[in-house]
Amino acid sequence: MPHYTTNPAAMSSPAPVKDEPMEEEMGITSEAAAVPAGDDVEMGDAEETKKDIKKLEDLFDDVDSDEEFPSSAIQPSSQVAPGSQTDTIALKASDPEVMRSFYQRLFPWRYLFQWLNHGPTPTNDFANREFAFTLQNDAYLRYQSFTTSDLLRKDVLRLMPSRFEIGPVYSANPRDRKTVKIKPLAKELCFDIDLTDYDDVRTCCDKANICNKCWQFMTMAIKVVDAALREDFGFKHIMWVYSGRRGAHAWVCDKKVRSMDDQKRRSIAGYLEVVKGGAQSGKKVNLRRPLHPHLTRSLEILKNHFQEDVLSVQDPWASSEQAEKLLQLLPDRTLNESLRKKWDASPGSASTSKWADIDAVARTGASKHLDSKALLEAKQDIVLEYTYPRLDIEVSKKLNHLLKSPFVVHPGTGRVCVPINTKKLEEFDPLEVPTVQSLLAEIDAWKDDGGEEGAKSLQDWEKTSLKPYIDQFRQFVNGVIKDENVVKIKRERDAESMDF
């Protein structure tokens with residue numbers, strides 16, 4: 001079936017990538033483009049090898065120290081003036097001074113650098129990486145690059161972007177693109193899932209609105225995609241990040257992934273694309289049988305969610321009009337007519353009852369020519385249509401696509417784009433993610449119990465509810481760097497053995 005092909009030649013050329021304005025296409029000659037941004041752009045097991053790897057904290061001791069970005073005890077006077085927690089919370093997230101305080105006091109610059117640099121010592125992995133800034137006036141500034149995290153931080157504080165995005169590592173400094181030919185060499189494989197793509201199946205909210213009920217669609221999506229990436233492709237370093245309002249992004253950071261070309265990225269994206277078509281299209285899932293093992297596993301993951309979060313909570317077929325949509329997805333006209341009569345006789349019956357009625361009426365022999373296998377397959381397709389991940393597939397197809405950085409602030413909600421702990425996925429509540437205003441208020445309200453010296457040793461983020469998210473990010477980054485060092489040591493050993 002087409003979406004499972006891994007033959008690059010079978011994949012068509014992608015459409016223009018969302019949130020990726022190109023200067024050549026738009027006729028823009030300056031670096032600041034006045035365009036609005038979109039919604040969201042084996043470890044070795046040899047014991048000898050392990051001994052060669054220093055403890056990561058030792059590696060970080062003398063490079064890019066936290067003292068580079070001191071705590072609030074010695075902050076400059078350009079921050080939000082001290083006041084009551086209520087005063088801070090009342091400010092808008094987009095307020096320049098609120099953003100300045102956030103970038104100065106809370107943003108994890110050190111760990112962002114180590115993540116993108118794949119180690120503590122500066123390399124071209126960071127120096128040739130593209131950053132793009134969305135400025136307060138909606139101008140979009142592309143092809144920015146920095147040799148250190150401090151230079152990135154200083155430029156962010158100078159320009160005060162409402163957010164910034166991360167692009168690929170280029171063959172040369174992207175700032176020099178007008179004098180040197182550059183091409184993208186590496187970037188994480190990214191995925192973008194947005195709840196607006198579920199508007200035809202969620203009944204509790206629509207558009208940019210979300211609640212804990214419809215967030216379950218995101219929980220389902222993360223479970224299915226994460227399992228496929230790990231079990232089917234063998235990827236290890238996968239970070240899921242809340243988008244700040246109604247979605248989630250995945251960053252696959254394995255070394256073997258980052259250098260994949262567009263053809264391989266399209267193949268992986270196509271493998272995961274099952275639900276196709278917009279809100280007005282008819283049947284969105286059309287699968288060949290027998291089902292691919294990935295889909296069999298997905299159905300197992302999703303079946304309880306379908307019963308509880310879709311049928312019981314969303315109740316998608318409560319009305320007669322909605323029930324017609326269900327009937328259109330079933331294969332037998334005679335069976336459909338019997339179901340329609342039954343539901344018309346008991347208006348307002350719940351979706352759980354209507355779903356059970358399908359098998360109950362089928363068993364009565366209402367349709368003499370009913371194909372039970374076709375009915376089972378149609379029901380499987382319905383489960384997938386209502387629960388399977390709906391990916392913005394264009395985000396994953398191209399090496400040079402940009403995506404919003406973790407830990408930036410969503411200007412509309414004020415919420416920080418924090419990592420999602422997949423080990424506690426069911427506990428994640430997007431409505432409880434801290435806002436920039438609440439975090440600044442937490443710093444103001446923080447009281448030291450360890451004396452003045454203890455206060456000076458703590459970073460401001462350690463005094464807030466952002467701490468567990470940054471701790472999680474730090475652990476993730478340490479895992480990426482550890483594997484990078486294993487690969488490097490193996491390569492060096494192989495080179496030494498060849499010399500003999």
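R230 forms a salt bridge with D226, and their closest N and O atoms are 2.7 Å apart. A salt bridge here is a side-chain nitrogen of Lys or Arg within 4 Å of a carboxyl oxygen of Asp or Glu. Side chains of opposite charge can pair when their charged atoms come close. This is a predicted model: local features need pLDDT of at least 70, side-chain atom pairs count only at pLDDT 80 or more, and totals for chains, interfaces and linings use all residues. Residues are numbered from 1 along each chain as its sequence is written, and side-chain values use heavy atoms, with hydrogens and water left out.

Both R230 and D226 lie in helix α9 (residues 212-232). They sit 4 residues apart, about one turn of the helix. Helices (H or I, at least four residues) and strands (E, at least two) are DSSP runs, numbered from the N terminus. R230 is partly exposed, with a relative accessible area of 32%. D226 is buried, at 11%. Buried means under 20% relative accessible area, exposed means over 50%, and partly exposed lies in between (1.4 Å probe, protein chains only).

R474 and D471 form another salt bridge, with closest N and O atoms 2.7 Å apart. Both belong to helix α20 (residues 467-499). Being 3 residues apart, they are separated by about one helical turn. R474 is partly exposed at 24% relative accessible area, while D471 is buried at 14%.

D359 forms a salt bridge with K379, and the closest N and O atoms are 2.8 Å apart. This pair links distant parts of the chain: D359 is in helix α15, K379 is in helix α16, and 20 residues separate them. D359 is partly exposed, with a relative accessible area of 29%. K379 is buried, with 12%.

Salt bridges can also join up. D200, K284, K325 and R390 are linked in a network of them. How many salt bridges does the rule give? The count comes to 30.

## Two helices that cross

Two packed helices are described by the angle between their axes and the distance between the axes. Helix α9 packs with helix α11 (residues 262-272) at an angle of about 125 degrees, and their axes are 11 Å apart. That makes α9 oblique to α11. Axes are lines fitted to C-alpha atoms, for helices over the stretch in contact, and angles run from 0 to 180 degrees between N-to-C directions. Angles under 35 degrees count as roughly parallel, over 145 as roughly antiparallel, 65 to 115 as roughly perpendicular, and the rest as oblique.

Which residues meet? From α9 come V225, A228, L229 and D232; from α11 come I268, Y271 and L272. Contact means heavy atoms within 4.5 Å.

## The two sides of α13

Helix α13 (residues 320-328) has A323, L326 and L327 as its buried residues. Seen down the axis of α13, they fall within an arc of 100 degrees, so they line one face of the helix. The arc is that of the directions from the helix axis to the C-beta atoms. On the other side, E321 and Q328 are exposed.

What do the buried residues of α13 pack against? Their partners are α14 (333-345), α15 (351-363) and α16 (372-387).

## A buried loop residue

T435 is found in the loop between β10 (419-420) and α18 (436-445). At 17% relative accessibility, T435 counts as buried. Leaving aside neighbours within four places in sequence, T435 is in contact with T413, G414 and R415.
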